[in-house]
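Please examine the structure shown below.

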Amino acid sequence: MLFCLPTFSQSIFSDDKVHHLRAGDKLQWAEFAAGTPEGEQLTLTFDAKPVSGPQSLFVRHYSVVLDWIVTLNDQKLGKLSEDEKDMISFFEIPVGLLKTGKNRLQITSAKKPATDVSNDIRVSEIFIDARPVNEVLSETTLELEVRDGENKLIPSRITISDKNGVLMPLSAKPGQELAVRQGFVYTGNGKAAIGLPAGIYRIFATRGFEYGVDSALVTIKPGDNLKKQFRLKKEVSTDGWVSSDTHIHTFTHSRHGDATDEERILTIAGEGIELPIITDHNLYADLNPAAEKLGLTPFFTIVNGIEVTTPIGHFNMFPIDLNSPVIDHKISKWDDLPVNVAKVGQVKGIILNHPKDLHSNFRPFDPSRHVASAGMTLTGWKFPANAMEVINSGATQSDIMQLYNDWFGLLNRGYSVTPVGSTDTHTVSRYLLGQARTYIRTGDKDPAKIDVGHAIDQFIKGKVMVSYGLLTELVVNKTYQSGDTAQVSGEEMSVSIRVSGPGWTTADRVALYENGRKIKEMKISNGRKAGLKWSATWNIPFREYDVHLVAIAEGPGEVGPFWQIAKPYQPASTTWIKKVMGSSGAVFIDADHDKSWSSAHDYAEKLIAESKENIPEIIKKLNAFDEAVAIQVAAILQEKGLSVDNLIQNDAFKTASINTKAGFHTFAKDYQRSLPKP
C-alpha cells in the first residue's frame, strides 16, 4: 500500500515497483550490488483524464546525494530532496500539465559527465493524486506538545515516519514559528500544529543527545484533529560541561544548504546546543537578532565565528568581532594564515576542519603531504591550528578512527591540538545540528550566560569530550581529566572511565589508547541503559616517560529514523559500518616529573642528540620507549636524509625491540605512500 496511507483514494497514477537508478559508472554502495541498475533515467508513461485544478506527485526515494530532476511531459517539477534518508518528496503539478491520453513522467540524473562521482538510489511508490499538495497535506491535523520532566514546554524536534521508518510529507499550519522538512519539525516553544495525509504514523519527540525519546504510534483518518503530548526526560548528566557545535552554517549567509537564520536558531535550541559557534564561509554572520525575535536567547550563548575557506584547507575561527575586517582567505601556504589572523586580533580558537576531505583539489592530510602516524608535514608548513575535527557528522569517514589516528600523530609530534566533534551542517534536517558535538568543561548553570572567554580558554587547553551518540569521561588517579597534565608516580596508575548516553544509543565496547596505541579494550554488556551505561577503573603500568591517554567508546549506529547517521562524505570503500562514538580528550601523564609534558617527538629528538646520530646506539636507547617514540625517531632520521627503509636493513635493527620494529615499519609504510607513484 502506497506510503502506508490507505486514504490516498483520488489516484490518477501509481507505480509501486522499486527502481534502482545509478548516476555514473561505479557502484556507490555495496547494498546496491544485487541486480542491474535501470540507468540514469526512469521513464514512466501512463494514461490520464482531464482534472480541474492542480494535482500532486509523491515519490519515495532513498540514498539521494546528487541532483535528480523530476519532469512531467518535459516540464520540470523540481528535484528529489538531496538526502540519503528513506523519505517522500512531493511536487505540485500545474493546472493543464496533465494531458488526456499518454503522459510521461521522468526522473533523471543531472550529474555532470566530467565528475567522478556516482550515486545509486532507489525510487518507489510513485503516486499522482488528483488534489493539490496543500489539500493532501492538510487532510488531517496533529496538535503536538513536547514537555520536559518538570512539565515545561521546551524547544525540541518532532520526527514523523511511517511504521517502516520512511520520513513522511507534512506541512505546518499557518501562524507558527517552526522549521519544517520531510519528516522533521523543529519547534522553539514546544508546540506544533502539523498537517499531513491520513494514515498510520510513528511520531518521535527528541531534544538532542542528552534527552531520551518519547514516541507514539497513531492512526489518523481524514478530518481528524489529534492532540498528543510528549514528555522528555534528561538522561545524560553533563553537569560542569557545556555542549557546543563548533561548525554551523546558514543558507542565508553561506548560500549553501537550506537553513535560514531563524530556522538555524530553532535547530540550535531544539537539539540542546548551549554554545553554538556560527561559522559561515568567509563572512561574519550575526544570528543574535533571529534568536531574540524567536525568544530563544535563554537556551544558549551564541559565539560569532567564521569558516576561513582557503584553497588549502578550511579553518573555523572564533571568537570574532563582527566589526573587524574579514580574515583574508587567499593564501598559498599555511604559514600565511596566522599572519592574516593577527591583523584581525581577538581570535583564539582555530580548528582544522575535515582534514581528510578533498576541496578545491586539496586534501590537508593527504598522504602526499602528511605522514599521519608521525604527524609530520612534507610541505615544510607549520600546523596552523590548535584544534582539529576528529568527528564531523556531516562529512564522516569510512574508518571512524581515521581522524583520531591523525590527531594522535599530531600529539605525538608535539602539537597542542584539541579534538573536536561538530556537524558542518548547512541544512535543517539532512545533517542534524549537534549530532556530533564537543563538550567543554566550564560553567553551565545558565546557558544564556556562559562565560565565553573561559569556555574558549578551556577548549584550547583540551578540556573537552567529543560526543557522537555516546559520552566518555576519563579520570586518572581520581583527579586528572581531559586536558590536564597529571603528576603521577608508582608502579601503576588508576584510570577511571565512564560511558554515558541516552537510552536510544548503545555502547558495546570501550578502549584505552596510550600515545595513540590501544592498550586495553573491554566489551560492554547491557550498554543500552539510559544515563550511565558502563564504568570501571583499570590499573595500568606506570611508564618512566611521558604519554597521553585517551578513552574511546563505540556502539552500533542503527538508532532510528529520528537520529540517522550519514554515510561517509567521500568514501574510501563501498562498504561501511554505522557507529556511534564518544571519546575523552587527552590526559597528559608527566611521568618524568619535570613539571611539564614531553611528547614522543621531544623524547625522539633528545635520544638522537644523546646518541650523536649513531644508529646502533639509537636502536639500543629505543628499547626503553614505545612505538610512538620509535615512529618519531624514524621521522626525524628520514628528515635528516637517512632512508628508514635502509635503516630497517641495518644489522643493528635485528636486535631492536618489538615496539621499535613496529614503529619503524609503520613509519616506512606511511612514508612510502607519500612518494610519487612510478
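R147 is buried, because its relative accessible area is 16% and buried means under 20%, exposed over 50% and partly exposed in between (1.4 Å probe, protein chains only). Its salt-bridge partner is E145, with the closest N and O atoms 3.2 Å apart; a salt bridge is a side-chain nitrogen of Lys or Arg within 4 Å of a carboxyl oxygen of Asp or Glu. E145 is partly exposed, at a relative accessible area of 22%.

The model is a predicted one, in which local features need pLDDT of at least 70, side-chain atom pairs count only at pLDDT 80 or more, and totals for chains, interfaces and linings use all residues. Residues are numbered from 1 along each chain as its sequence is written, and side-chain values use heavy atoms, with hydrogens and water left out.

Side chains of opposite charge can pair when their charged atoms come close. The salt bridges number 34 by this rule. One of them joins R60 and D86, at 2.7 Å from N to O. This pair links distant parts of the chain, 26 residues apart: R60 lies in strand β4 (residues 55–62), and D86 in the loop between β6 (75–79) and β7 (87–93). R60 counts as buried, with 17% relative accessibility, and D86 is buried with a relative accessible area of 17%. A network of salt bridges links R60, D86 and E125.

Strands here are DSSP runs (E, at least two residues), numbered from the N terminus, and two of them pair if DSSP finds at least two bridges between them.

Six bridges join β31 to the antiparallel strand β33 (residues 492–501), where S496 stands opposite V475.

Elsewhere, D366 forms a salt bridge with R363, the closest N and O atoms being 3.3 Å apart. D366 counts as buried at 19% relative accessibility, whereas R363 counts as partly exposed at 22%.

Technical notes
Helix = DSSP H or I, 4+ residues; strand = E, 2+ residues; numbered from the N terminus.
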